[in-house]
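Please keep the sequence and the three-dimensional view at hand while reading.

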Amino acid sequence: MFDLTGKVALVTGGSRGIGRAASLALGKRGAHVVINYVSNEGAAREVAELIQAGGGKAELVQFDVGNSDVAEKAIAEVAKRLGRLDILVCSAGISIDGLLLRLKDEDFDRILSINVKGAVACARAATKVMMRARTGRVIFLSSVVGEMGNAGQTAYSASKAALLGVTKSMARELASRSITVNAITPGFIDTDMTGALTEEQKASINSAIPLGRTGKPEEIAAAVVYLASDEAAYVTGQALRVNGGMYM
């Protein structure tokens, strides 16, 4: 089950956090993984080397998803060079937290540019290739706060909620070409985004999670592998909640 041998997968933000775990998991299942990064080539190269050490195939591609033109051109070049693009995982994202009254327009614009506009641009480029092949998988990384909200994260929550609307609309548009589009809404996951929290904050968060702990990137990566697989061919337009019961 979940064999991705021969598939080409591109993971944005694939050098860290959930994107890193997703890249490793896809590579382990046989996919040729294209790892996108913006500036940390060393981290991205480490991920590629880990995949290759396990007998898999991986390579790097550098671009900022916040620059739509550059991102679309880079994805088109990857697909042309490799001859296909079967899986797109939109994991790249940023969070600039703060109360609404202190939210700056430039910060809001930056969040939307990367988390929403960038993801849509990548999906637009990837699905041009998938439509010709009449098959494909698009997976967006949304968030539990896109469904339930969170004080101090109005802009981030808005961006992640927007991805859910994007997911449903794209799923309807592309279903006739056997392209599935889904989102994953992780809860609080142990990544560099949550690493800055104090122990008191972490304890408060854990108390609100029925399973009593934060999640692991590998647990999100497992959901990515499922949605990317042939076994999930009849799943589209869905938000898969991997949040420890934080939001039901």
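## Exposure and the model

A residue is called buried when its relative accessible area is under 20%, exposed when it is over 50%, and partly exposed in between. The structure is a predicted model, and the sections below apply these classes to individual residues in it.

## Salt bridges

Within helix α7, which covers residues 199-207, Glu199 and Lys202 are three residues apart, about one turn of the helix, and their side chains meet in a salt bridge with an N to O distance of 3.9 Å. Lys202 has a relative accessible area of 28%, and because this falls between the two cut-offs the residue counts as partly exposed. Glu199, with a relative accessible area of 61%, is exposed. Helix α2, residues 41-53, holds another such pair, Arg45 and Glu41, which lie four residues apart, again about one turn of the helix, and the closest N and O atoms of this salt bridge are 2.6 Å apart. Both partners are partly exposed, Arg45 with a relative accessible area of 39% and Glu41 with 36%.

A salt bridge also joins the side chains of Arg241 and Glu147, at 2.9 Å from N to O. Arg241 belongs to strand β7 (residues 239-242) and Glu147 to helix α5 (residues 145-148), so this pair ties together parts that are 94 residues apart in sequence. Arg241 is partly exposed, with a relative accessible area of 40%.

Helix α1 spans residues 17-28, twelve residues in total, and reaches 17 Å from its first C-alpha to its last, which is close to the 16 Å expected at 1.5 Å a residue. Its buried residues include Ile18, Gly19, Ala21, Ala22, Ser23, Ala25, Leu26 and Gly27. Just after this helix, Gly30 takes a positive phi of about 105°.

Two packed helices are described by the angle between their axes and the distance between the axes. For α1 and α2 the angle is about 20° and the axes are 9 Å apart, which makes α1 roughly parallel to α2. The crossing of α1 past α2 is right-handed. On the α1 side the meeting residues are Arg20, Ser23, Leu24 and Gly27, and on the α2 side they are Glu46, Val47, Leu50 and Ile51.

## Helices α4 and α6

Helix α4 (residues 105-133) and helix α6 (residues 154-174) have axes that come within 9 Å and cross at roughly 20°, and α4 and α6 are therefore roughly parallel to each other. Their crossing is right-handed. Among the residues that make the contact are Phe108, Ile111, Leu112 and Met131 of α4, together with Tyr156, Leu163, Met170 and Leu174 of α6.

## Two buried positions

Tyr37 lies in strand β2, residues 32-37, and at 11% relative accessibility Tyr37 counts as buried. With neighbours within four places in sequence left aside, Tyr37 is in contact with Ser15, Ala44, Leu60, Val61, Gln62 and Phe63. The C-alpha atoms of Tyr37 and Asp64 are separated by 7.4 Å, while the two residues are 27 residues apart along the chain.

Ser68 belongs to helix α3, residues 68-82, and at 12% relative accessibility Ser68 also counts as buried. Leaving aside neighbours within four places in sequence, Ser68 is in contact with Lys117 and Ala121.

Most residues other than glycine have a negative phi, and most peptide bonds are trans. Against that background, Phe2, which is not a glycine, has a positive phi of about 60°. Phe2 lies in the segment before β1 and, at 21% relative accessibility, counts as partly exposed.

Arg134, likewise not a glycine, has a positive phi of about 60°. Arg134 sits in the loop between α4 and β5, where it is partly exposed, with a relative accessible area of 46%.

Key: Residues numbered from 1 in each chain as written. Predicted model: local features only at pLDDT ≥ 70, side-chain atom pairs only at ≥ 80, totals over all residues. Heavy atoms only, no water. Salt bridge = Lys/Arg side-chain N within 4 Å of Asp/Glu carboxyl O. Buried < 20%, exposed > 50% of the residue type's maximum accessible area, 1.4 Å probe, protein only. Expected span 1.5 Å × (residues − 1). Contact = heavy atoms within 4.5 Å. Axes fitted to C-alpha atoms, helices over the stretch in contact; angles between N-to-C directions. Parallel < 35°, antiparallel > 145°, perpendicular 65-115°, else oblique. Left-handed = near helix turned anticlockwise from the far one by under 90°.
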